[in-house]
Amino acid sequence: MTHQHPATAARGLQRSEALARAELLEVTSYDVTLDLASSEETFDSTTRLDFVSRGGRTFLDLKPRAVRSIRLNGRPVDVDLLQRGRVPLETVEGPNQLVVEAVMAFRNDGEGLHRSIDPADGRHYVYGMSFMDAAPSIFACFDQPDLKAPYTFHVRAPEDWVVVGNAPGTNPEPGVWELETSKPLSTYFVTLVAGPYHLVRDEHDGIPLGLSCRQSIAAELEADADELLTLTRQCFDELHRLFGIRYPFGDYHQAFVPEFNAGAMENPGCVTFRDPLVFTSKVTRGQRIQRASTVAHEMAHQWFGNITTPLWWDDLWLNESFAEYMGNRVTADVTEYDDAWVQNAYARRQWGLLADQRPSTHPVAGNGEDDATAALQNFDGISYAKGSSILKQLNATMGDEVFLAGVRDHLQGHFYGNATMHDLLASWTRAGAVDLGAFADNWLVTAGPDRIVLDRGAGRLLRTPPTGHPADRAHTLRVATRSPGDAGWQVDELVVDAAETSYDAPAGAAVLLDPFEDTWAVTEPDAVTTALLPELVASTGDPLLRAGMWNSVRSAYHHAHVAPEAVLDLLEAWLPAEDQDAALQYTLGWVLAKVVPLAADPGTAAARVHTASLAAAQAAEPGSTLQLAAYQAAVSSCAATDLLEGWLMGRDLPAGVELDLALRWRVLVRLAVLGAVDRDDLDAHLEAEPTAVSRVEHTRAIASMPTAEAKAWAWERFTGEATAPNYELEAAGEGMWRAGQDELLAPYVARYFDELPGTAEVHSGWVLADVAEAFFPLTSLDDTTLERARALIARPDLDSSLRRRVVDTTDELEHRLAVRRTFAGQ
Ligand SMILES: [Zn+2]
C-alpha cells in the first residue's frame, strides 16, 4: 500500500490470537455472493467458507449491520453471540463448512465497501478496501494475513455497472457478474470495484491490462492512458527480469477510485489508486513522477506482499520497504522518469528522517507491534523511506546479483505463502551474503538515525547514535566540498565507523555530508557551510546534490540550528537556478508551512517567498511545469488581494499560466485566508463546476476564512456534528489553523484537547488519525498548548492511534517552539 475501522474495535486482532487460529485452521476456500443492487445503504453478503480444523474453539470475524443466519456444518450458530466483530465457533476436527448470511453497510470512510456519489453527475461508485481489518465489513472471514485461500465472487449489481475483482470475470446477463476463482489471497487484499466506471482495456505480454475511473473524469484518464499503460508495460518487463518469476494473478487492472485514503492499494489483479491521480488540472513533472513510482510500487507488491506475504504486521517493512525501493528503482531505470531519485530525495527523505527522530520511532523490521489496528500507524516514513534507503544500501553492499538471487529464493520458497524477516535473511545467506546478522541488528532492528556532523576546528566527524537506541553503525558515504573560488564540488568517499573520525575540511570550504543519500543518518551543514551555500548554490549543477543540500538544511532547521531568515537567504539564491519542478514544489511547500510562520516577521518572510517565486514564474519558460510550481507558491504566499482578484479574472498572469480549476481554487483559498472572499462567492464557484476537486477545495476555503462562523463550521466536521467524506474532513482541518488568525482560533486550542478523545466515536481507521493530525493546533505556538498536549497524551483512555498521532504532532510543535525561542528577535 502507499499508506485506516469501526470505533468499537479500539483493540484489533492480537498477534497471539492470530497465531492460535493459524495453528488450528487451514482455510480451503471462500465463496462470496454480494447483492449491491437492492439498496444504496446496505448490501447482502453471503459467505460459504470451507476450512479444515484440528478441532476446537476459535472465532470468526464479522462486522455486519445485521446477521440473517450463521450455520456451521449445517447447524445454526446463535447470532447473538456476535460481539465486537467476533463470533465464537466450536469447530470439529477435519473439514468444516460455515455459511454466513449477513447485511453489511456501505461505508463512506474509504474502507470496507466504500460507496460515494460523484458530485459532478450524481452517479454512485463502490470499491472494496479490506486493508487492514475491514474485510469483515464486506464478508465473513478469518481476518489475518497468513490464512490465505482462493476466492470465488458472485455479484449482483445495477445493470449499468461494471464489476472488477481480484480475478477475471464474466457478465453472463445484465447485472450479474461471475468472477473466476482467484489465486490464494490474504483477506486484506481482497477487493471489488463496482459502478458505472469508465474502462480502458489493453494487453501486454499475455497479461490483460485495464484502467478505470469515474465517468466524469474519463476524458482525463483517456488523455493519460498511454503514459500509464506504457509505464505498466515497462515495469512488468523489468520486474519479470529482476524477480525471474512471472506475474501470476491473471489480469492487471488499475482502478482510480474516489475518496481513497492511501495513495494506492496493491490488491492482486486489481490495484486501487486515489483518483486525484487522474489529473484534472495541469500538474508538475514531480507529480507525474510520484504517480509513476506509485504505479511501480504497487506492481512490485505483486511479488513482495502478494505472492509472499508477511506472516504478521510487525514485518510490514517486507512489503513496504521493498515496494518502495523496487518502485523507485524501476521507475528511474526503465521509464521516461529517469530523474525519479531526485523527486524521491525531495518527497521522501525528510518524511523518513523526521519519523525516525520522533518519540514514536520504531525499528524498520520487527516493529514489535502485537495489535493489528495499532500497526496501521507504522505505515510511516520509517517503513517506507528508511526501509527503502536501507535496502538500497544493502544492495550496494552485497551486490545486485546476490541481492536478487536471495529475493528469488525467498519468493520461490514461500510462493502464495507467508514469511518473516528471518526467512529473507536465510535466503540471502544461501545466495552468498555474509555478516547479515550484524547488519540486521544495526539497521533493521535498532530504531533511530545516527547523527553525523563536522567538528571543523577539531578536524573530525562526530557520529552520535540515537538516544535510547544504542548502535555501532558503519557509514560509507560521499562528502562534497567546495571553496568559494572552486569551479565545482569535489566529491570523496569516506567511511565513518567510530564515534570520531579524523576529517580535515579544506580551510573555509563548504562541506556537505552524505548529499547523495548513500547512508541513513541525520547530517547538518556547519555554520561555515550554511553561510557559503547561498553563494554556491546557483552554480551547483547536479540536481541530486542540490536535493542533498536542502535535506541537510531542513534537518538543521528542524533542530533550530539554522535561522528562518538563513533558509530564506538560501531560497532566494537557489530559486532562479533550480530547474526541477519537484524541487520547487516540495521546498516551497515546506518553507511556506514551517519556515515563514516562525520567522521574526512572518509578513516580511511571506513577501520574500512571494517575490522570489513570482519572479521565478515570470522567468520560467511560459507554460512549463517549472513555471506552474513557482506560480503555485506565488499564489499561496500572496498578500495582495487586488492581485489575486485580478488573477482570478485572468488579468496580469505570468505569460503562459492558464488558470485551470486547481489554480482557481488555489487563488480562492488564498483569498479566503485573507478574508477577501465571502461564502456566497465560494458557493457560486462550487456550483459553476461541482466536481470532487471543487468540493474539497470549497471546504478548505470555507475553513480558512477569518470568521467565527467559518471556524465553527469546520469544527462541526471534526466533532462529527456535521458529516463529511474523508477528503473534505481533512481539508477542513488543514484550512482551519491559519497563522495570523490566533484570536479567532484561541477557543479551539483547549477544545481540541478536550474533544479529541470523543472523535473515536465518530471517525474510524485512517480517517480518525488523519483528522486528529489535520485539526491539531500547530499554529498555537506557546507552552500552554504544549502542556495541554502532554496532558492528553498521558490520558490512559486515549485511543492508541490517536495517541500516536498526537505524540508525533506534539513533537513537531516542540521543535517549532524551539526554532521560535532560538531565533526570536534576530
Ligand atoms: Zn505499499
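How many bridges join strand S16 to strand S17, and do they run parallel or antiparallel? Strand S16 (residues 207–213) and strand S17 (residues 252–257) are joined by 4 bridges and run parallel. What you see is a predicted model, in which local features need pLDDT of at least 70 and side-chain atom pairs count only at pLDDT 80 or more, while totals for chains, interfaces and linings use all residues. Residues are numbered from 1 along each chain as its sequence is written, and side-chain values use heavy atoms, with hydrogens and water left out. Helices (H or I, at least four residues) and strands (E, at least two) are DSSP runs, numbered from the N terminus.

**The sheet around S17**

- Strands of a sheet pair through backbone hydrogen bonds, either parallel or antiparallel.
- Here, 5 strands form an open sheet with mixed pairing, in the order S15-S16-S17-S19-S18; two strands count as paired if DSSP finds at least two bridges between them.
- Strand S15 (198–204) and strand S18 (264–265) are at the edges with a single partner strand each, so one side of each has no neighbour in the sheet.
- In S17, 6 of its 6 residues are buried, where buried means under 20% relative accessible area, exposed means over 50%, and partly exposed is in between (1.4 Å probe, protein chains only).
- One side of S17 holds Tyr252, Gln254 and Phe256, and the other holds His253, Ala255 and Val257.

**Another strand pair**

- Strand S11 (residues 162–165) runs antiparallel to strand S14 (residues 192–195), and 4 bridges join them.
- Valine 163 is found opposite alanine 194 of S14.
- S11 is covered on both faces, with Val162 and Val164 buried on one side and Val163 and Gly165 buried on the other.

- Helix H10 (residues 527–536) has Thr529, Leu532, Leu533 and Leu536 as its buried residues.
- These residues lie on the same side of H10 because they cover an arc of only 125° around the axis, the arc being that of the directions from the helix axis to the C-beta atoms.
- Exposed Ala527, Ala531 and Glu535 sit on the face turned away from the buried side of H10.
- The buried residues of H10 pack against strands S24 (475–482) and S27 (510–513) and helices H11 (543–558) and H12 (564–574); contact means heavy atoms within 4.5 Å.

**Two helix pairs**

- Helix H3 (residues 285–301) and helix H4 (residues 316–334) pack at about 125°, with axes 7 Å apart; axes are lines fitted to C-alpha atoms, for helices over the stretch in contact, and angles run from 0 to 180 degrees between N-to-C directions.
- H3 and H4 are therefore oblique to each other: angles under 35 degrees count as roughly parallel, over 145 as roughly antiparallel, 65 to 115 as roughly perpendicular and the rest as oblique.
- Among the residues making this contact are Ala292 and His297 of H3 and Asn319 and Met326 of H4.
- Helix H19 (residues 692–704) and helix H21 (residues 726–736) pack at an angle of about 30°, with their axes 7 Å apart.
- That angle makes H19 roughly parallel to H21.

**A closer look at tyrosine 586**

- Tyrosine 586 belongs to helix H13 (residues 581–595) and is partly exposed, with a relative accessible area of 27%.
- Not counting residues up to four places away in sequence, tyrosine 586 touches Gln290, Gln343, Tyr346, Ala347 and Arg554.
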